[in-house]
Amino acid sequence: MHSAPFPAPRAAAAASGPTVAIDIGGTKIAGALVHPDGTMSATTRRPTPRGADADGVMAAVAEVVADLSESPLWASAVRCGIGSAGPVDTSRGTVSPVNIGAWREFPVQERVVAELAARGADLPTVLAGDGVAMTAAEHWLGAARGHANALCMVVSTGVGGGLILNSRLHPGPTGNAGHIGHISVAFDGEPCACGGHGCVESIASGTAIARWALDQGWTPSGTAEGDAGVNAAGVNAAGGAGGGRDATAAGVAAAAAEGDPIALAAFDRAGRALAAAIAATATLVETDIAVIGGGVAAAGDTLFGPIRSHLAAYATLSFAKDIQVVPAMLGTHAGLIGAAAAATMLLPSAPSSS
């Protein structure tokens, strides 16, 4: 995948074998062996089971592990990283993904460790939320590479993220540090699903963008096949438009590109919310770059233009005003690379050392 070698992430680089990477999401469960130079082998995937109970979903994870164990490089694996949709609690090794209803406080880390051991791989294992995994990936091989302090964000059906501080991944005690989607940026804003008010996610997620545009009278027209990148991320709006009409954030982005005033306003509103949150983060911990990925980021300048424009009004202090806002680079590879990078960054380099 990468033509030139990259140094392994800090921390566990001393162990030079591949990392078992598992990426768990609402539509697919993927696995790979990720090597110290960032290349992947033995890549495999299964659809996330629909209508299955907790063990039924875990069975798909077990099949991915079984596939990986058939690689001739399996015996040389040195660690395992699990990236999962959240919420997560890494202190307990549990996940309760919004988009996997069968898993509530499911002990995925313990279960994966057992699957690894059953196939002869007794490996130290790390669990990371998907936002933290994306952050680790972008810092290792992507747009945040070379930056000691970075905020990375996923803007899709929700808004998540993670932090790099002093060149180290900073997941926090439960793995949720950097969850920027639930910073409140509108004091009198509408209620958010998390229980708060005026959260970034309630304004800038794909669902929120499409919902607001529809509420303002925007009428979607036609299908937006050219916006498959946004649709593929599951950025779907609630209800309304049938007959092939695209009532998603992809449709709003397409309309904005054609100059539709409501669509432009929807993305301007989202960009302002993201700008406020990025500025707040930069002010709090002195990040110097914000990397934005996820399906909504596929809208390009339709999203990034408003963010950068509004950022000047929020990031005003001398140490925050120069923060860069750039698109993520790794796309669909971020989950697996991020799971591996998170494990490599968070596990000690020499288990035998004090």
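Colleague: At what angle do helix α1 and helix α2 pack, and how far apart are their axes?

Modeller: Keep in mind that this is a predicted model. Helix α1, residues 54-69, packs against helix α2, residues 108-118, at about 40 degrees, and the axes are 10 Å apart.

Colleague: Why is α1 called oblique to α2?

Modeller: Check the cut-offs: under 35 degrees would be roughly parallel, and 65 to 115 roughly perpendicular. The angle here is about 40 degrees, so α1 counts as oblique to α2.

Colleague: Which residues in α1 and α2 meet?

Modeller: From α1 you have D55, M58, V61, A62 and V65, and they meet R111, V112, E115 and L116 in α2. Sorted by class, that contact has six nonpolar, three charged and no polar residues. As for handedness, α1 passes α2 in a right-handed crossing.

Colleague: What is the handedness of the crossing where α8 passes α9?

Modeller: Right-handed.

Colleague: How do the residues of the contact of α8 with α9 divide by class?

Modeller: Among those that meet are F267, D268 and G271 in α8, and T302, L303 and P306 in α9. The contact divides into 11 nonpolar, three polar and two charged residues. G271 is one of those in α8, and Gly counts as polar.

Terms used
Residues numbered from 1 in each chain as written. Predicted model: local features only at pLDDT ≥ 70, side-chain atom pairs only at ≥ 80, totals over all residues. Heavy atoms only, no water. Axes fitted to C-alpha atoms, helices over the stretch in contact; angles between N-to-C directions. Helix = DSSP H or I, 4+ residues; strand = E, 2+ residues; numbered from the N terminus. Parallel < 35°, antiparallel > 145°, perpendicular 65-115°, else oblique. Left-handed = near helix turned anticlockwise from the far one by under 90°. Contact = heavy atoms within 4.5 Å.
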